[in-house]
Every structure is written in C-alpha cells, then in structure tokens.
Amino acid sequence: MKIILSLIIYILFLTGCNSNTSSEDIGNYSTKSLAINKGEDNNVEKKEAVEEPLSAFSTKVSQDDPDRQNNITITCNSLNGTIVKAGETFSFCNTLGPAKPEDGYKKADTFDSNGNTIQAYGGGKCQVSSTLYNAVLAGDGLTVVERNAHSGPVYYVPKDKDACVSYGSCDFKFRNDNNFDIKMYFSNTPDSIDISIVKILS
C-alpha cells in the first residue's frame with residue numbers, strides 16, 4: 001500500500017514538473033499576441049485621395065520687370081496647394097495676406113484708383129488673381145462671389161476677364177459649390193503663370 005501511494009505521488013510530481021506552460025509563459029504569449037495584432041493593424045494600407053482635373057488657365061508674363069516677376073513667384077508659392085472644401089468660399093486676399101517687404105515683396109507697377117500707373121509693394125499679384133479668375137470660370141461648380149476690374153487696361157487677359165486684388169480694398173472670392181473638395185496648383189516661369197484646379201475624390 002505504501003509503495004502504491006509513493007508511486008502515485010511520484011507520478012503527480014513528475015507531471016507537475018514536466019508542464020511546459022507556466023503563468024509567466026501565458027503572460028508572455030498574451031503580450032506577443034497583442035504585439036502581432038498591433039503590427040498587423042499598422043500594415044493596413046490607407047486609401048489615398050484621387051485627384052482629377054477640373055480646370056486650368058495660363059497667362060503670359062512680361063520679362064521686362066524682375067521685381068514684378070519676384071512678386072508673382074512669392075504669390076504663386078504662397079497659394080500653391082490651397083484646398084477649398086465643398087461649400088467653402090476662397091478669399092484671395094485673406095489667404096495671401098498683405099504684400100509686405102519683410103516677406104520679400106518688392107515695388108512694381110500697379111494701378112491707383114484713377115488708373116494711373118504707380119509703384120507699390122506686390123505689383124504683379126493681380127496677374128495671379130486674374131489667371132485664377134479665368135481658371136475658376138472654366139471650372140464646373142465654382143461660383144464667383146467677388147470680382148473687381150482694374151482701373152486701367154491690363155495686357156495679360158481680355159477685357160472684363162481681369163480680377164483686381166488689393167488687401168483691405170478689393171478682393172477676388174469664389175465658392176466651391178461642388179460636393180467634393182478642390183485643390184489649386186500655382187506655378188510660374190519667366191514666361192507664364194499656370195494655374196490648375198483639381199477635384200479631390202476619396
């Protein structure tokens with residue numbers, strides 16, 4: 001009887017010692033599983049937005065005035081990539097801000113209220129706004145909210161196709177009446193200003 005009891009105890013002891021899963025192992029397994037699951041979540045690819053052309057317009061730039069070219073470059077760089085959400089109104093002046101010399105703007109030809117040519121910081125911005133105006137006119141679902149003509153003739157667009165801008169005075173605004181956001185691309189060379197508007201489709 002003692003021998004049988006001793007055998008039973010010995011067998012139970014061996015069974016406990018040979019167990020391959022301890023509470024510590026269980027904890028480690030759970031942690032590893034969480035780490036694997038987290039890694040799998042990180043590998044899920046996010047769907048990128050698709051861009052489709054909506055409209056575009058270009059204007060020729062005079063190479064006679066390097067300061068005017070400088071102002072056009074600053075303006076295009078500042079506005080490039082601007083997104084206008086569905087239902088929102090874009091303001092050229094509020095988005096760009098005033099033309100200040102500390103931001104790199106230089107004096108170039110522009111018009112005063114009487115149509116006289118004067119030198120002012122930011123001269124040349126109006127060609128960018130006029131180019132954008134024509135791109136907006138060519139795009140479906142874009143509604144012009146504010147547009148002002150220059151006090152004198154401009155060479156880069158036909159009559160009544162210009163859009164004067166002057167911070168605190170006159171602005172160019174349009175509303176995106178589409179059910180999708182739009183994005184505007186501005187670029188320029190010594191010869192031209194090129195603006196394209198694209199749909200952002202998810």
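Helix α5 is mostly covered, with 12 of its 13 residues buried. Keep in mind as you look around that this is a predicted model.

Stop 1: Select residues 125-137, which make up α5. Which residues of α5 are buried? Color Lys125, Cys126, Gln127, Val128, Ser129, Ser130, Thr131, Leu132, Tyr133, Asn134, Ala135 and Val136, and you have them. At 1.5 Å a residue, the 13 residues of α5 should span 18 Å, and the C-alpha atoms at its ends are 19 Å apart, so the two values agree. While you turn the helix, here is a handy rule: an α-helix has 3.6 residues a turn, so residues three or four places apart point the same way.

**Stop 2: the sheet of three strands.** Next, show β3, β7 and β6. They form an open sheet of 3 strands in the order β3-β7-β6, and the pairing is antiparallel. Which strands are at the edges? They are β3 (89-91) and β6 (142-146), each of which pairs on one side only. From one strand to the next, the twist averages 30 degrees. Bring α5 back into view: this helix packs on the sheet and touches β3, β6 and β7. The direction of α5 makes about 140 degrees with that of β6.

Zoom in on β3 and β7 (residues 173-176), which pair in the antiparallel sense over 3 bridges. Select Thr89 and look across to β7, where its bridge partner is Arg175. As you follow a strand, remember that in a regular strand the side chains alternate between the two faces of the sheet.

**Stop 3: a buried valine.** Select Val84, which lies in strand β2 (residues 82-84). Is Val84 buried or exposed? Its relative accessible area is 3%, so Val84 is buried, since the cut-off for buried is under 20%. Which residues is Val84 in contact with, leaving aside its neighbours within four places in sequence? Show Phe90, Phe174, Asn176, Asp181, Ile182 and Met184. Draw a distance line from Val84 to Met184: these residues are 100 apart along the chain, and their C-alpha atoms are separated by 8.2 Å.

**Stop 4: a hairpin.** Move on to β4 (residues 107-111) and β5 (residues 117-121), which pair in the antiparallel sense over 5 bridges. Click on Phe111, and you will find Thr117 of β5 standing opposite. The two strands, β4 and β5, form a hairpin with 5 residues between them. In the turn, pick out Gly115, which has a positive phi of about 85 degrees.

Stop 5: Most residues other than glycine have a negative phi. Now select Asp160, in the loop between β6 and β7. Asp160 is not a glycine, yet its phi is positive, at about 70 degrees. With a relative accessible area of 45%, Asp160 is partly exposed.

**Last stop: the whole chain.** Zoom out. How many helices and strands does the chain have? There are 5 helices and 9 strands. Of the 202 residues, 32% count as buried. Among contacts between residues at least 6 apart in sequence, 71% join residues at least 24 apart.

Technical notes. Residues numbered from 1 in each chain as written. Predicted model: local features only at pLDDT ≥ 70, side-chain atom pairs only at ≥ 80, totals over all residues. Heavy atoms only, no water. Pairing = 2+ DSSP bridges. Helix = DSSP H or I, 4+ residues; strand = E, 2+ residues; numbered from the N terminus. Axes fitted to C-alpha atoms, helices over the stretch in contact; angles between N-to-C directions. Contact = heavy atoms within 4.5 Å. Buried < 20%, exposed > 50% of the residue type's maximum accessible area, 1.4 Å probe, protein only. Expected span 1.5 Å × (residues − 1).
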